[in-house]
Structure formats: structure tokens, C-alpha cells
Amino acid sequence: MKNITETVLEAERITKHYGDEQVLDLDHFKLYENAFNLLLGSNGSGKTTLLRILSLIDKEYEGQLRYRGEVINKQESELLKLRRRFSVIWQEPYLYNGTIAENIGLPLKLRKVAQNEINNRVNKLASNLKISHLLKKDSKEISGGEKQKVSIARALIVEPEILFIDEPTTHLDYKSNQFFNELFTELVAEGMTILLITHDLYQIKYLADYITLMESGEVVISDIRKKVLDKDILGNNNIIS
């Protein structure tokens with residue numbers, strides 16, 4: 001087990017309401033750098049809400065976030081600078097109208113990268129992810145599992161510092177699931193920070209460096225994998241699939 005000490009993102013005294021309903025009440029949460037951070041909990045425990053806040057998509061909350069020790073300013077111009085360092089992969093993939101190559105390259109186009117470089121990076125990444133055969137297809141022509149692979153490629157094309165993932169392997173078959181488990185592990189080994197929401201037993205037992213368990217919008221346990229698993233949390237059938 002690696003030595004996990006450095007944090008890249010911290011959430012302090014975070015509360016979130018939808019109308020009169022409080023859905024988050026966190027005292028403290030740490031996202032560890034260059035580590036595979038897992039976020040566990042039953043449906044409705046607040047996992048995705050927390051991910052949306054940490055990835056700076058949702059700024060309607062009370063409390064503060066820190067990036068490398070500095071408080072994050074909620075001004076949109078400042079958030080945009082940080083968002084460009086992050087990528088998010090959602091459980092339900094969404095593709096835009098156009099070809100698969102255009103979908104994967106879109107984040108680079110928005111960053112005004114030259115088209116030749118976009119083409120080269122898209123082709124290289126598609127080859128690495130074994131989806132080159134999809135590049136010329138229209139986004140409406142591919143399966144749910146293929147859409148998820150394209151969604152993963154689109155998130156990785158910008159080589160993010162932090163990758164937020166919300167159960168990305170739901171639509172994938174066993175072989176593809178294993179391929180992406182290996183890929184995410186390699187990305188962490190190369191220096192990426194990952195926060196993964198999952199119910200997958202393999203990811204929990206073998207991939208995690210650090211695990212946080214949530215219930216009813218609160219953090220119940222947050223520690224290195226061995227210490228969390230020693231508490232026998234996997235006996236809760238709502239956590240694993």
C-alpha cells in the first residue's frame with residue numbers, strides 16, 4: 001500500500017439543500033493526490049452530489065473547498081480555470097451530435113487546440129482504448145457500452161489532473177470492465193488523481209488506495225483501504241453490487 005499524505009482537494013463544513021431537504025452535511029473531506037480514492041454508499045447517500053461540488057459543477061452550497069491549500073473562489077472565471085484541470089465521467093454517457101472523433105476531440109476544440117493536433121491526439125487515444133473502429137461513426141449509431149467508452153475517451157483527451165468518475169463501468173461487459181480497471185490503475189501510477197463512485201466489489205477490494213463511506217449525506221468512515229475493510233463494511237448489501 002502506498003504512503004498517502006498529500007491532499008489536492010479538501011471540503012470543509014459543506015452543506016447542501018434541495019429546497020427544505022438537506023442532502024449533504026460534511027465536516028471534512030479530503031481527496032488525496034496521485035491516489036485511487038473511492039466513494040461508497042447506498043443510493044441517495046449524497047455521493048454524486050459531493051462529486052458535483054468537488055468537480056466545481058455545482059457551486060450552490062455552503063462551506064468552502066480548498067485546492068492545494070488555497071480556498072477556491074466561486075467566481076465563474078476562477079472556477080473555469082480550475083475546471084480545465086478536471087474531467088468527469090458520468091454513469092449515463094451523453095454524446096453530442098456528430099462523429100465519435102468529433103465527440104472525443106470536443107474538449108480540445110473548446111480549448112482552441114489546432115485541428116491537426118486534435119486529430120493526432122484523438123487517433124492515438126482511440127488506438128490505446130481500442131475504439132479506433134468507432135471514430136467515423138455517428139454518435140447515434142453506437143451501443144450503450146460503446147458510448148461509455150467514448151465518454152471515457154473524451155474525459156481523458158485533456159489529460160486531466162483529477163478524474164472524477166461516477167460508476168463508469170455500469171454499461172460495460174466484463175472484459176471491457178477489466179480493461180478500464182487496468183487503465184485507471186495505470187493512470188494513477190502515472191500521477192493522476194482519481195475519485196471513483198462505485199458499488200463494484202473488485203474495485204473496492206483491490207484498486208482503492210483510500211475509501212470514504214457516506215450515509216445520509218454524511219461521511220461515516222474515511223481511511224486507507226485496509227482500515228476501512230477491516231471494519232467489515234462490505235456486509236452492507238447496499239454498498240456493493
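Analyst: First, a term: the domain bounds used here come from an automatic or database domain assignment. On that basis, the protein divides into domain 1, which covers 1-85 + 160-240, and domain 2, which covers 96-159. Keep in mind that this is a predicted model.

Now to the contact itself. Domain 1 brings 16 residues to it, and domain 2 brings 14 residues. The C-alpha centres of domain 1 and domain 2 are 25 Å apart.

How much area is buried between domain 1 and domain 2? The figure is about 1200 Å². Carbon and sulfur atoms give 70% of that area.

Next, the polar side of the picture. Between domain 1 and domain 2, 2 residue pairs are in polar contact, with both residues at pLDDT 80 or more.

Look next at the face of domain 1 that touches domain 2. Helix 6, residues 174-189, gives the most to this face, with 6 residues. By class, the face has 10 nonpolar, 2 polar and 4 charged residues.

What about salt bridges in the structure as a whole? There are 9. One of them joins K16 and D58. Their closest N and O atoms are 2.9 Å apart. K16 lies in strand 1 (residues 7-18), while D58 lies in the loop between helix 1 (47-54) and strand 4 (62-67), so the pair ties together parts that are 42 residues apart in sequence.

Finally, step back to the whole protein. Its secondary structure comes to 8 helices and 10 strands. The radius of gyration is 18 Å, close to the 18 Å that the globule rule gives for 241 residues, so the protein is as compact as a globular protein of that length. Along the principal axes, its C-alpha atoms fill a box of roughly 45 × 40 × 35 Å.

Key. Residues are numbered from 1 along each chain as its sequence is written. This is a predicted model: local features need pLDDT of at least 70, side-chain atom pairs count only at pLDDT 80 or more; totals for chains, interfaces and linings use all residues. Side-chain values use heavy atoms; hydrogens and water are left out. Contact means heavy atoms within 4.5 Å. Buried area is the accessible area (1.4 Å probe) that two parts lose on being put together, summed over both. A polar contact is a pair of N or O atoms within 3.5 Å; within protein, one must be able to donate a hydrogen and the other to accept it, and residues adjacent in sequence count only if both atoms are side-chain atoms. Helices (H or I, at least four residues) and strands (E, at least two) are DSSP runs, numbered from the N terminus. Ala, Val, Leu, Ile, Met, Phe, Trp, Tyr, Cys and Pro count as nonpolar, Asp, Glu, Lys and Arg as charged, and the others, Gly among them, as polar. The radius of gyration is taken over C-alpha atoms; the globule rule is 2.2 Å times the number of residues to the power 0.38. A salt bridge is a side-chain nitrogen of Lys or Arg within 4 Å of a carboxyl oxygen of Asp or Glu.
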